[in-house]
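Here is a friendly walk through one structure, meant to be read beside your viewer. Please open the model and follow along topic by topic.

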Amino acid sequence: MRSAFVKDILRSIRGSLGRFLAIMGIVALGCGFYAGLQMCGPDMRADADAFYDGANLWDIRLISTLGFGDEDVERVRAVEGVEHLMPSLTCDAMARLGTEQVAVRISSLDVDAAEASHDDGLYAVASDDENYLNRPRLVEGRWPSAKGECVISADVPRDDFGIGDTIELLYGTTELDDLLAIDELEVVGTVTSANYPYTGSFGSTTLGSGMIDQYLFVAPSSLAEDAPYTEIYLTVEGASEELSESKAYEEVVNATKNRLEDLQGEFSAARQAELKADAQEQLDEKWDEYYDEKAKVDKELADAWAELTDAAEQIADGERELADGEAQYQDGLAQYETERRNAYKKLADAEAEIDANQATLDEKKKEWQKGADQLREGRAAYKKGEDELLGQLGAKSASEAREMLEGSAQQLDDGISQIEEGIAQIEAAPAQAQAAIDQLTAAIAEAQAAIETCDEGIAVADETIASLQEQLAQIPAKEELETAKAQLTGAIAAIETLGEEATSEQLAQLEQLKGQLAQVEGALEGRAQLEEGIAQAKAGKQQAEAGKAQAEAGLAQAQAGLEQAQVALAQAQQAQEQLPGLRTQLDELKAQRAQVDEGLAGLDELADAKRTLDESQAELDAGKAQLDDGQAKLDAGRKTLAASRRTAESELAKAKAQLDDAAAELADARGQLADAREQYADGLAEYDDGKAEAEEEFSDALDQLNDAQREIDEIELPDVYALDRTQSEGAATYHADAGRIDSIADVFPFIFFLVAALVALTTMTRMVDDDRVLIGTYKALGYGTSTIASKYLVYAGVAGVAGATIGILALSQVLPFIVTSAYSIIYTIPLHPFPLPVSPGIALMSGGLGVGVTLLATWGAVVSSLREVPATLMLPRAPVAGKRILLERVRPIWQRLSFTWKVTCRNLFRYKRRFLMTVIGISGCAALLLVGFGLHDSIWDIIDRQYGPIIHFDTTIGLDDNAIELDVRRAIDYLESTGEVGGIVRVQNENMQAGAAGTDETIRVNTVIPRDASAMAEVITFKNRVSGKPIELTDDSVVITEKLALKYGLSVGDAITLFDQDDVGNAVGDGHELTVTGVAENYVGNVVYVGRDAWRQVDASTPVFSTVYATTTPDAAIRKGITDELHDMEGVSTVIFSDETINMYRNMLSVVDMIVVVLIVSAAALAYIVLYNLTNINIGERIREIASLKVLGFTRTEVQAYIFREIGILAVMGDALGMVLGIFLERFVVTTAEVDYVMFGRSIHPPSFFYAFALTLVFTGLVILSLRHKLDRVDMVESLKSID
Amino acid sequence: MSFVEFINVRKTYQMGSVEVHAVDGMDFVIERGEFVVIVGPSGAGKTTVLNMLGGMDAPTSGTIMLDGQKVSALGERELTQYRRHDIGFVFQFYNLVQNLTALENVELASQICANPLPADEVLAQVGLSDRMDNFPSQLSGGEQQRVAIARALAKNPKLLLCDEPTGALDYVTGKQILKLLQDTCRETGHTVAIVTHNSAFTQIADRVIEVREGKASRVLTNAHPADALTVEW
């Protein structure tokens, strides 16, 4: 019976192999994926551990800022827990490897031990020397045995540089000469070292780009003689038994590390004392030497000085004597000159006086002569004038002439006045006559006008009278009027007397009468007026007539006057003709009168002239006597002067001869003295030179000694660091990467398990439903519930266990292999040979989870059916009722749908479980795909968005720390001169550590201080990633990159602290707090951009700005030319083209790309399994329906559309949901996989959505294609079968 | 020429190494408008006849004619068209689409053929005018079978084929269904063929074809077939 049941199970497996395989496959995929990914991390760590242990890698590394001596080594060896130790010397230097300048790390190598070691070609390097640590494995060539030889890393191979080439060491972090005996190294081999597992960077340094690009091992013979050890590597007892960097390992190592750290103070003090003592001893010897030498030189100098002093005294005496002689001579000479000058002066004065007197006398003589001449002329003129005048007058003497002249003058005056009177009368007469004529003519005109006026007045009066009389004639006669008036008055009175009694008629009459009376009275008045007018007019006429008569009389009188006046005028005009004659007479008389006056004046003049001439003659005679006297005196003076001149000249000549003798003696003496002085000066100069030289030498020596002393005094307590592997960049990076894989391994398989559970549940439900009748039959036969259930549990269990086993075995090899080989691109840690270890814990957990989930799903499927009683089980399960769906309420849409669409829509919601399973399953796959593509985007965005959109420059030229402005300028000038380089910007680069409030952790940052903040925008785009807003960079700005801001949760306005860093990359000092003014999008590295003003808070001195950013032509040959030229320049240390950096990142990132491929492939497999299984079940459940449709005459296409449309819609829905899930999942994975040094892209590109979406649909399509034939195979006869 | 002709039709299945002759030289004819009952015990080959007549299966040899069309010569694609336009099929288990209402189930069939009858009219004809908007699960078995008949009739087929139409129904309901089919034949002039193992049905048929061991062992015609409601079994 039991066996029959087992047989049934076996047969059911065989009979439904597809179903069995589906469960097996999904479990295999889920468990395998989980186990495989989970094992990646441990495998990586195990590989690393094997590698480290094989190389006998240090557990603790001691570094001292002052190095270590042999005593220190022994001191460390004595510490508990220290197993083996190896002191070593390591230093960083910039070196030229072929055409490139790179930062290298040089370490000493125990060559004897290395040569004695032998490796297994993979992990282990065996050696008898247990103190030989960090054993490098020789890959090619030989060990560096001689001085000046080295081996380099085999892990960063270069085509143009290798064995046989020479490395030139340029400069180091410290003075290289103190540590090394050579500055050139020949490469003799290549090695790989467990100490440098990470090829991306062999460590950080303060040189160059901040990363070690190459490491070298040299023989001890290449080290400087007194070079100290810079570090001590040591292993810890019991550490190698533990997995490197595991918790147990950390505990073992930390115990010893703590002990070492406790002893740190002791080590430091001992080292300081030792160094001081050694140095002081050496210095003291030097001091002694200095003092001896100084005493000797001082004595020599003193002797020389005494000799010089004697000579100087002698010279002084000679000079004094000479000076005396000179003075005497000068006195004599002066006296002679004075006397000579005086004598000559007296003679000259006398001569001058005589000459002056002579000149005056001559002048006077000339004047006298002139006076005499004038007098003579005057007399002649007078005589001539007198003769002329008298001749004219015809007089004999002057007095006679005067009498004649005065008489004729009287006669002439009378004649003149008579004639003048006559002329005046004649001239006035015509004018008077004319005036009378004019007056009379005017009177005549006046009179005529008056007559006319009067005539007019008469005419007017006549007219007026006529018209008035006419008017009068028209008015009735006065009497008539009077009579009428009286009658009327009477009538009126009669009526008025009636008073009140008057009738109305009478009253009217009265009024009429009164009117008539008024008219009569008016006429009377008018008559009177007219009569008066006539009278007036008549009087006017009379007046006018009288006026006319008067005027006519006046006129006649005037006309008579006029005739008289005209006669008078004619007479006056006749008299005019006499006038010219009269005038001529007058002129003649007047001329005669003037002649008379002239004659009188001439007589007066003559008299005056006679008097003057007489006076002048007297004066001239007196002057002549004086002149003759003066001339005599002068002649006597001249004679005396000539005698005195002769005497003086002879005396002076005698004195001059005496003086010339004295001068010759003095010149001799002077010559002797000059010679003596010259000799002395030479001697003195010699002495001074000698003395100065000696003093300078001693001063220098003293300075040196003092400096040395100061240095010794200033030897500080060295800092001693104990570092473990977490502080070794390579090991730590690898460990972190392994951890990241762990994180990813924790997320992804979850999806696989979820989907596996769904698939198992669906499949088993279907199986149980298929077996309803069978279950009923078993029940009816008396099998217990658990026994029946066990059939399905066993079925599912077998499928699960088989799947889990296969999946785990396969994927625990494949996935770790893919991951570790991906990482082997950037790590030197060797790949584990197959088979990779299978971690039993993970395998069991994974398998357990997978099988457990499947069994649970099966139990869920079975348990409901088993609850039913056998009778109902024998009956077909009632079909799920059809239901109306929400869409039907939207009539316009619903009515337009065909029935197949209606069925599709209703079916979607009818089988809720299938709906959920399919949607969730497909969304999981779509999400995985999206994560895969999204990861790819995020990773490549690091480069694509960093270089180009953000960093525009492609060349970085770094100058060393000692570079000066001139060096930078020279480099820039060269760059500009090439014409191939543009966009040159200068900055200062500082490798620093950054931290923030609330955490002790610091992170390495590159601090960039632009020289010209505004120019930075040309080479780097600063903008906010999310908003796209540009960020302004000014001299006061502190802009940090996004990843840095994320790490510390910083935003604008927060403070960031910058620390200086020591040689091993630890933050030192208190740091400088700066306020963040912007957070800029950035993907590679952590950078703090500090404006030069803001930088003053960190460092007050102005930086050199020794880093140059530029854009260079991509032409490789030109670039190489520029690089070579720059490297030859003073101060230039690095020339880096971004392309190299980009390539390095591409290498690093291709690792993660491999994982992306794994993800995509797994997702594809998962998608296929899920879709195939679900669709298969779907078809299986609806065979009858399909057959019926076929019988109804549905074509093949219609039947396929009917079934697959549903699958398609579910796929699209699941796909869409998967996109949403994928976004969240991708974000999680990205943030997990990120390292501190880079920020992944934060967005999934639209094409990735498209690929993920489309690929899912493609898988759906493939599944549909592969299941089409299954639909075709559905037999129509199925429709005739009973429902069982 | 008769409406339906079976001339020496054979159908042979290969069951492993054994050849099974399900239909072995079958000959019969059906005239237009007849109510035909094909009767025989289980395994006699009547289902095979039904399959071949319904275009679900092709004979190994022989000729099947329907209304002058040589069905036995049709290919896969033509057979689909044949089922679609010429045949109305009523299943033993109704085979309604659960997710469509009664009306929609009828329309499902009428939608795909050339000259459909109005679905609501057909449903009214089978007495379901007030259940048109119900889903199959809301209907009784008899009602479901009526929907199935309506679905077959709506296609206005040349031949209405019924496979044990009362097989899943109780006695009373079964008779009502028979009655419906008989009335349909009488009133609409449709040719109706019923396949059954129940020989009681022979009374109401115009023509009875008895099938035995793959052959039409006897063909009878009833001059006066009984009313379906009077049949007892």
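A:Pro835 is found in the loop between helix H14 (785-823) and helix H15 (840-867) of chain A, where helices (H or I, at least four residues) and strands (E, at least two) are DSSP runs numbered from the N terminus. The peptide bond leading from A:Phe834 into A:Pro835 is cis, with omega near -5 degrees.

This is a predicted model, in which local features need pLDDT of at least 70 and side-chain atom pairs count only at pLDDT 80 or more, while totals for chains, interfaces and linings use all residues. Residues are numbered from 1 along each chain as its sequence is written, and chains are lettered from A and ligands numbered from 1 in the order in which they are written.

**Backbone points to check**

- Most residues other than glycine have a negative phi, and most peptide bonds are trans.
- A:Glu245 has a positive phi of about 65 degrees although it is not a glycine, and sits in the loop between strand S12 (229-236) and helix H6 (247-262) of chain A.
- A:Glu245 counts as buried because it has 21 C-beta neighbours inside 10 Å; the cut-offs are 20 or more other C-beta atoms within 10 Å for buried, 12 or fewer for exposed, and partly exposed in between, with C-beta atoms placed from the backbone.
- B:Asn156 is another non-glycine with a positive phi, of about 50 degrees, and its loop runs between helix H5 (141-154) and strand S7 (159-163) of chain B.
- With 18 other C-beta atoms within 10 Å, B:Asn156 is partly exposed.

**Chain B overall**

- Chain B has 6 helices and 10 strands, and 52% of its 233 residues are buried.
- Of the chain B contacts (C-beta atoms, placed from the backbone, within 7 Å) between residues at least 6 apart in sequence, 69% join residues at least 24 apart.

**A sheet and a helix in chain B**

- An open sheet of 4 strands runs in the order S2-S1-S4-S5 (chain B), with antiparallel pairing; strands pair if DSSP finds at least two bridges between them.
- At its edges are strand S2 (18-30) and strand S5 (69-70) of chain B, each pairing on one side only.
- Strand S4 (residues 61-66) of chain B pairs with S5(B) over 2 bridges, and B:Gln69 in S5(B) is the bridge partner of B:Leu66.
- Helix H1 (residues 46-53) of chain B lies across strand S1 (4-15), S2 and S4 of chain B, at about 65 degrees to S2(B); axes are lines fitted to C-alpha atoms, for helices over the stretch in contact, and angles run from 0 to 180 degrees between N-to-C directions.
- H1(B) is mostly covered, with 8 of its 8 residues buried, including B:Lys46 and B:Asn51.
- After H1(B) comes B:Gly55, with a positive phi near 75 degrees.

**Where the chains meet**

- The contact takes 25 residues from chain A and 26 residues from chain B.
- On the chain A side, helix H18 (899-910) and helix H26 (1183-1191) are the elements that give two or more residues, and H18(A) gives the largest share, 6 residues.

**A helix pair in chain A**

- H26(A) and helix H27 (residues 1196-1233) of chain A pack at about 150 degrees, with axes 10 Å apart.
- That angle makes H26(A) roughly antiparallel to H27(A); angles under 35 degrees count as roughly parallel, over 145 as roughly antiparallel, 65 to 115 as roughly perpendicular and the rest as oblique.
- A:Ile1186, A:Leu1189 and A:Lys1190 in H26(A) meet A:Val1199, A:Tyr1202 and A:Ile1203 in H27(A).

Conventions:
Two residues are in contact if their C-beta atoms, placed from the backbone, lie within 7 Å.
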